[in-house]
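Please look over the sequence and the model below before reading on. The text goes from the overall build of one chain to the interface and then to single residues.

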Amino acid sequence: MIWDNNFAVSVIPLLLEGLWVTVKITLLGTMLAAALGLFFAILRRLAIPVLSPVVSFFVVFVRGTPLLVQAYCAFFVLPAYGISFDAFTTGVVVIGVNYSAYMAEVYRSGIQGVPKGQWEAATALSLPGTRTWGRIILPQAIRTVVPMLGNYLIQMFKDSAVLSAITVVELMATAQAIGSSSFRYLEPLTLAALLFLAISYPASRLVNRLERRYAPQH
Amino acid sequence: MSAVIEYAPLLWQGLLTTILVAVLSGALCLVVAFAAGLARLSRHRFISWPAGVFIEVFRGTSLLVQMFWLFFALPFFGIQLHPLTAAVLALGLNEGAYAAEVVRGAIASRAKGQTEACIALGMEPALRLRRIIIPQSIPAMLPPFGNVMVDLLKNTSLVSLVTVADLTFRAQMIRSSTGQTTAIFLTILVLYFLLSYLLTLLTSWLERRYALDRKALVAQRKESKLMKVGAA
């Protein structure tokens, strides 16, 4: 018998615990990425000398390097300079910063999509910069990017498995630990794959529907 | 920095392995993309349905899970893959599933008139696809393909977790033997960045080379001819 059903059932509670950690990482990471990405997008748009080009380079650099290596950097390099968090926090920060670079691009396209007349109208009404951004531009820009942010959330959910390499005990690390302690990898790894699929497939269906609902209405 | 110079040959070998994995899985990715993407468009349900399941399963689970599954779970079926084989298979199938959606989307969005014109000219379906539909869809596929390839390149770092001695694996080795963490990791970050930057340059060159917009192409040629005349 290749597939041991009793063993498979017995590891499900442990895997669900791992899944819960994965979900927590994804939600916290997405919040961090969404906030930081918006911040980066606005900084780039404001065209502040030195600062904006630095942010632009940072975004391109983060997008051009692997998440795993970034995670290693945060996990092994930062403690050498006296900055150390537990694995979970490091994982959330790394994945959040990584995805903020992608989200910055998404926001940028959203901001660019706001018609020029909106900026001109805000100027004509002599609205201060903060109100132009906060009440005119961003509400319209974010509306169109919500589904894309949803796609990145699902992507992050799957990518968070990489954090098992820096000892974050999420779904993947749990499956691996069960495998190495029982010498049976088939059941935990298959179940982990099914759990990933069980969440990400319906979620991507949902995002597709959001996409249609939030389509720009000009 | 001394560790980087001392261990440069090791890093070089790692870089070559990374490039090897990227090239092999990139080739597999392209084959899978066209096979699954075209199958998904098939009118026969027994062809399009399995392709759909393949695409959703490989896009819906994490690459790392797939790689570990091929490396650790497949032996239970009596199939023991070499780490490099498992790594290339997982990368190629995973990114191939993403690229299959690109192929499907690009072909599905082709103007219907082209297909109708082919039918009017009495072209066989295979010829139609090979000579008309696919060549026309390639320019639309190139930019998203470029993204998939950059993704693939970055994801090659995961093969270090199934003991393939790529750049990341070597860096970890050097880190544990020298303790010079900062220099090593900064070096490989820059190397990965350069690789993905080169890939972006290659994609944009291909995009220009295969642009569908003939007018722009002709104008470009005229310009370069004029420049040659000017130089002479």
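**Chain A, its interface and some residues**

Chain A has an accessible surface of about 10,800 Å², and carbon and sulfur atoms account for 67% of it. Accessible areas come from the Shrake-Rupley method with a 1.4 Å probe, and for residues only the protein chains shown count as cover. The model is predicted: local features need pLDDT of at least 70 and side-chain atom pairs count only at pLDDT 80 or more, while totals for chains, interfaces and linings use all residues. Residues are numbered from 1 along each chain as its sequence is written, chains are lettered from A and ligands numbered from 1 in the order in which they are written, and side-chain values use heavy atoms, with hydrogens and water left out.

Chain A contains eight helices and zero strands, where helices (H or I, at least four residues) and strands (E, at least two) are DSSP runs numbered from the N terminus. Along the principal axes, its C-alpha atoms fill a box of roughly 75 × 45 × 25 Å. Of the 218 residues in chain A, 45% are buried; buried means under 20% relative accessible area, exposed over 50%, and partly exposed in between, with a 1.4 Å probe and protein chains only. Among the contacts in chain A with a separation of 6 or more, 81% join residues 24 or more positions apart, contact meaning heavy atoms within 4.5 Å.

The next topic is the interface. In it, 36 residues of chain A are in contact with 32 residues of chain B. The size of an interface is often given as the accessible area lost when the parts come together. Between chain A and chain B the buried area is about 3,100 Å², with 75% from carbon and sulfur atoms; this is the accessible area (1.4 Å probe) that two parts lose on being put together, summed over both. On the side of chain A that touches chain B, the elements giving two or more residues are helix H2 (51–63), H3, helix H6 (129–159), helix H7 (171–182) and helix H8 (186–213). H8(A) gives the most to that side, with eight residues.

Gln70(A) is a residue in helix H3 of chain A. It is buried, because its relative accessible area is 13%. Leaving aside neighbours within four places in sequence, Gln70(A) is in contact with Val62(A), Thr65(A), Val94(A), Asn98(A) and, from the other chain, Leu189(B).

Ile83(A) sits in the loop between helix H3 (67–77) and helix H4 (87–112). Its relative accessible area is 39%, so Ile83(A) is partly exposed.

Two residues stand out by their backbone angles. Most residues other than glycine have a negative phi. Phe183(A), not a glycine, has a positive phi of about 60°. Phe183(A) lies in the loop between H7 and H8 of chain A and counts as exposed because its relative accessibility is 68%. In chain B, Thr163(B) has a positive phi of about 65° and is not a glycine either. Thr163(B) is in the loop between helix H7 (125–155) and helix H8 (167–178) of chain B, and counts as partly exposed because its relative accessibility is 47%.
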